[in-house]
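The following paragraphs lead through one protein structure, beginning with a single residue and widening to the whole.

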Amino acid sequence: MLDALEQMGIAGFPVESVLHVGANEGQERNDYAASGASPVLYVEPVDSALAILQANLADMPFHKAIRAVCAERAGEEVLFNVASNGGQSSSLFALGAHAEHHPDIVYTGAQRMVTTTVDQIVAEHCAGRVPNLLVIDAQGADLRVLQGARQSLPAVDGVYIEVSEQPLYEGGCTLEEVTAFLKGFGLRPRWLRLDGAGHGEAFYCRQKPAYPILPLFDGVVSVGKPAAQSSLCEWSYFDVADGPTGCLNGAPTGRPGFHTDIEDAPWWQVDLEAVYALNEVRVFNRMDAARDRSRTLRVSLSEDGDMWRLVHDQGGYTFGGADGRPLRVMLAGERARYVRLQLAERTYLHLDKVFVL
């Protein structure tokens, strides 16, 4: 597993979504997918690497390649230097000490580009939801990338970043500068790995918050009610004893309470047996595996079981559950007898618990 993902787990933060600046060809893509993160945004400025990255992501929904060079300000025209090692050492800066440590790597050209910022990428591609893991591999310009993320950093749980005790590139940043900057956002060093020359990677995160214990059974109208689902997977026989109603009773466990087969747009629904003015649908995702399968979850309500109205679209984002961060769909008194949860892609639908209040 990638160090970034491992350190997030050690710190107690589930990886919900990722923004990787300086992604090259997307070498980490399979690890990101296996972590359950969705969406994952890969920012890469070098055209040749970007073409390979786009091909590598072609069959990975909600993994998106973005051609951009990130800095502290958007809209500035720059020459971005392209390195001979498949673009991996490409940078806004001259090679500096890098040429001494790696004399076999040289710049072979430059691309004229206009800068953007992490904040702008989040605004354009994340619909207002900041990825909770930021990975930065900007070859000396890492602090400039962070300075363009001032609006986003308060919502980030972890930052995995290349660091150097002394600037590796001409005009590049130092470990001390990165640490001081992130401290101002409550992100403190937790893990550090340096080579003999003082170059390596670091992981910063905030103190894990104590999530409030949400009331579960006061006002819950779904406990003990009949439920149905579009299909029954063979895995249900091993993990789920109660079929469709397995997600309605008891406390969250992190394991699936029901499990459909793989199909187009699988669904599950509960019949509340009467029309209620509803306050909330609270959905606890499965946490032991495959969290990302719920990323296109849609919640619909009906009074008669025939006419449905959509009240929530998850839109490609993962969510938590027994970790203290379930999906909460606030309804403000909407009236319904039936509540349906359905996915918008071909996959399995499996959730831990669903409470209708």
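Does K353 count as buried or exposed? The model considered here is a predicted one. In it, K353 has a relative accessibility of 6% and therefore counts as buried, since the cut-off for a buried residue is under 20% relative accessible area. The residue is part of strand β17, which covers residues 351-356. Its side chain is joined to that of D352 by a polar contact of 3.5 Å. When neighbours within four places in sequence are set aside, the contacts of K353 include the residues G246, C247, L248, N249, G250, A251 and P252. R282, V283 and F284 are also in contact with K353.

C247 is itself buried, because its relative accessibility is 0%. Its sulfur is 15 Å from the closest cysteine sulfur, which belongs to C233, and this is too far for a bond. The structure as a whole holds zero disulfides. C126 is likewise in no disulfide, and the nearest cysteine sulfur, that of C70, lies 12 Å away. With a relative accessibility of 0%, C126 counts as buried.

A further cysteine, C173, is located in the loop between β7 and α7, the latter spanning residues 175-183. C173 counts as buried because its relative accessibility is 9%. Along the sequence, C173 and D142 are 31 residues apart, while their C-alpha atoms are 7.0 Å apart in space. D142 is also among the contacts of C173 once neighbours within four places are left aside, together with G140, L143, S164, P167 and V178.

S222 is placed in the loop between β9 and β10 (227-229). Its relative accessible area is 0%, so S222 is buried.

Attention may now turn to V82, a residue of strand β4 (residues 77-83). V82 is buried, because its relative accessible area is 14%. Its C-alpha atom is separated by 9.4 Å from that of D47, a residue 35 places away along the chain. Not counting residues up to four places away in sequence, V82 touches V46, S90 and the residues V106, Y107, T108, G109, A110 and Q111.

The largest pocket has a volume of about 590 Å³. It is lined by 37 residues, of which H20, G22, D137, Q139 and E162 are the closest to its centre. Two or more lining residues come from each of α1 (3-11), β1 (18-21), β6 (133-136) and β7 (158-164). Among the elements, β7 gives the most, with three residues. By type, the lining of the largest pocket consists of 20 nonpolar, ten polar and seven charged residues.

The second largest pocket has a volume of about 330 Å³. Of its 21 lining residues, H98, Q139, E162, L168 and H199 are the closest to the centre. The elements that supply two or more residues to this lining are α4 (97-101), β7 and β9 (199-205). The lining of the second largest pocket divides into six nonpolar, eleven polar and four charged residues.

Finally, the protein may be viewed as a whole. Its secondary structure comes to eight helices and 17 strands. Its C-alpha atoms fill a box of roughly 75 × 40 × 40 Å, taken along the principal axes. Of the 357 residues in the protein, 54% are buried. Among contacts between residues at least 6 apart in sequence, 73% join residues at least 24 apart. The contact between C173 and D142 is of such a kind, as these residues lie 31 apart in sequence.

Key: Residues are numbered from 1 along each chain as its sequence is written. This is a predicted model: local features need pLDDT of at least 70, side-chain atom pairs count only at pLDDT 80 or more; totals for chains, interfaces and linings use all residues. Side-chain values use heavy atoms; hydrogens and water are left out. On a 1 Å grid over the protein atoms alone, a cavity is a set of points where a 1.4 Å probe fits but cannot get out, and a pocket is an open set with protein on both sides within 12 Å along at least five of seven lines; lining residues have an atom within 4 Å of a point. Grid points are joined across faces, edges and corners, and a volume is the space filled by probe spheres set on the points. Helices (H or I, at least four residues) and strands (E, at least two) are DSSP runs, numbered from the N terminus. Ala, Val, Leu, Ile, Met, Phe, Trp, Tyr, Cys and Pro count as nonpolar, Asp, Glu, Lys and Arg as charged, and the others, Gly among them, as polar. Buried means under 20% relative accessible area, exposed over 50%, partly exposed in between (1.4 Å probe, protein chains only). A polar contact is a pair of N or O atoms within 3.5 Å; within protein, one must be able to donate a hydrogen and the other to accept it, and residues adjacent in sequence count only if both atoms are side-chain atoms. Contact means heavy atoms within 4.5 Å. A disulfide is a pair of cysteine sulfur atoms within 2.5 Å.
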